[in-house]
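Good morning, everyone, and thank you for making time for this.

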Amino acid sequence: MTHSKGVRQSPGKRERLAAAAARVLHEQGVEQTTIADIARAADVPLGNVYYYFKTKDQLVEAAIDAHAQSLKSMIGVLDELPAPQDRLKALLNGWVEQRELTAQYGCPTGTMASELDKRADGLDLSVAKVIQALLDWVEQQFRAMGRSDSRELAVALIAAYQGISLLTNTFRDPDLMAAEGRRLERWIDSLPNLEVKRHE
């Protein structure tokens, strides 16, 4: 990853609040988190929060947007890798690198999706779009390998990740995530690259 040249500006209060919301909601859950918790984590006076966000739901929406932006940035980096298998395995490695955090709090987006699904107030659809974007990108990678079953493979990969995130968090065991990451790498390597064979 590259750093922009020149003086790096510190994020404004709105950006700090959105980033803090994403972090605190992941650590404490939506229902347990208060606006005061987020303000404290962002180092923003509580009274100032209401200038940017009138309700906690607006902060939850901002946290979802922060997850979406993080995903977009990650995909931008992964897309620079030459082969779809490389991109998929780099995605796995990123997940495995976060295994300690997952052991403590679970998958940031997955746990939020599970929690918001019980509310059905529109925020559930917002977080679903983030997971949909990841699923679509993974499907593109399998399609680039010439796989006609690219959607099924994408669902299998994301389902495996969400499942191991749940187990890693349940048992507070980051080694589970590492072991599943290795298994999924072997699985990706075992899939024939039909696009390459087509051109041979």
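Let me begin with a convention: Ala, Val, Leu, Ile, Met, Phe, Trp, Tyr, Cys and Pro count as nonpolar, Asp, Glu, Lys and Arg as charged, and the others, Gly among them, as polar. This is a predicted model, in which local features need pLDDT of at least 70 and side-chain atom pairs count only at pLDDT 80 or more, whereas totals for chains, interfaces and linings use all residues. Residues are numbered from 1 along each chain as its sequence is written, and side-chain values use heavy atoms, with hydrogens and water left out.

Now to the cavity, meaning a set of points, on a 1 Å grid over the protein atoms alone, where a 1.4 Å probe fits but cannot get out, with lining residues having an atom within 4 Å of a point. The largest cavity has a volume of about 40 Å³, a volume being the space filled by probe spheres set on the points, which are joined across faces, edges and corners. Its lining consists of Leu 92, Trp 95, Val 96, Tyr 161, Ile 164, Met 177, Glu 180, Gly 181 and Leu 184, and these divide into seven nonpolar, one polar and one charged.

Finally, the backbone: Asp 43 has a positive phi, near 60°, although this residue is not glycine. At 64% relative accessibility, Asp 43 counts as exposed, where exposed means over 50% relative accessible area, buried under 20% and partly exposed in between, with a 1.4 Å probe and protein chains only. Arg 172, also not a glycine, has a positive phi near 50°, and Arg 172 is exposed at 53%.

Methods. On a 1 Å grid over the protein atoms alone, a cavity is a set of points where a 1.4 Å probe fits but cannot get out, and a pocket is an open set with protein on both sides within 12 Å along at least five of seven lines; lining residues have an atom within 4 Å of a point.
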